[in-house]
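This briefing covers the fold, the overall dimensions and one annotated region of a single chain. The sequence and coordinates come first, and the notes follow by topic.

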Amino acid sequence: MSPLFIKNMTFKEKVNTLLQEALEERPSLFLIDLTITDAFKVIITLDDDNGVVLQDCIDVSRAIENNLDREEQDFSLEVASVGVGSTLKLVRQYKKNIGRTLIVTTNTEKIEAELVDANEDFIILSWKAREPKKIGKGKETVQKEQQIPYTEIKEAVVTVTF
């Protein structure tokens, strides 16, 4: 990008353009959130199809910081990976977590189950449940599966087991 073109942009446009350029160089890395406060504190949250490593954050930070002039606009910059236990926001995050256990909250229920599939419209969860036997007394373990459209998901978090 030409320096003259960058000079005519607002601070937020410059940051966004530099961030997009940095992400284009790393196809597995993707943006979760970009916040620029009125005090020019830039907070970037990233994720990666294979997990974010420290070097990814350093590279993105340098790509932005080295192309902005602090004489023109003083700012602070924070680049971080999405935290463990953070809410899933993008379809791409659901796809990368297939096979892991999620806690999904909808308008009507809270389900802890394995994410078995994710596409552009919905996710499919699978879990075992104890239900009354159809014939006789007692309970039996049954395999349950449910398709949930993204529009019905209030919150989804990957569970961490140690």
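**Fold and dimensions of the chain**

In sequence order, the elements of the chain follow the pattern α-α-β-β-α-β-α-β-β-β-β-β. That comes to four helices and eight strands. The model is predicted, and totals for the chain use all residues.

**Sheet**

- Five strands make up an open sheet with antiparallel pairing, ordered β7-β6-β5-β4-β8.
- At the edges lie β7 (139–149) and β8 (153–158), each of which pairs on one side only.
- From one strand to the next, the twist averages 35 degrees.
- Strand β4 (residues 101–106) runs antiparallel to β8 and is joined to it by five bridges.
- Threonine 105 has glutamate 155, in β8, as its bridge partner.

**Dimensions and packing**

- The radius of gyration of the chain is 21 Å, whereas a compact globule of 162 residues would have one near 15 Å.
- The C-alpha trace spans about 80 × 30 × 25 Å along its principal axes.
- Of the 162 residues, 34% count as buried.
- Contacts joining residues at least 24 apart in sequence account for 47% of those between residues at least 6 apart.
- The chain exposes about 10200 Å², of which carbon and sulfur atoms supply 49%.

**Annotated region**

- UniProt, in an unreviewed entry, lists residues 40–84 as "domain: Ribosome maturation factor RimP N-terminal".
- Residues 40–84 are 27% helix and 31% strand.
- The end C-alpha atoms of residues 40–84 are 27 Å apart.

How values were computed: Residues numbered from 1 in each chain as written. Predicted model: local features only at pLDDT ≥ 70, side-chain atom pairs only at ≥ 80, totals over all residues. Heavy atoms only, no water. Pairing = 2+ DSSP bridges. Helix = DSSP H or I, 4+ residues; strand = E, 2+ residues; numbered from the N terminus. Axes fitted to C-alpha atoms, helices over the stretch in contact; angles between N-to-C directions. UniProt positions renumbered as here; feature names shortened; annotations may be inferred. Rg over C-alpha atoms; globule rule 2.2 N^0.38 Å. Buried < 20%, exposed > 50% of the residue type's maximum accessible area, 1.4 Å probe, protein only. Contact = heavy atoms within 4.5 Å. Areas by Shrake-Rupley, 256 points an atom, 1.4 Å probe, with all protein chains shown as cover.
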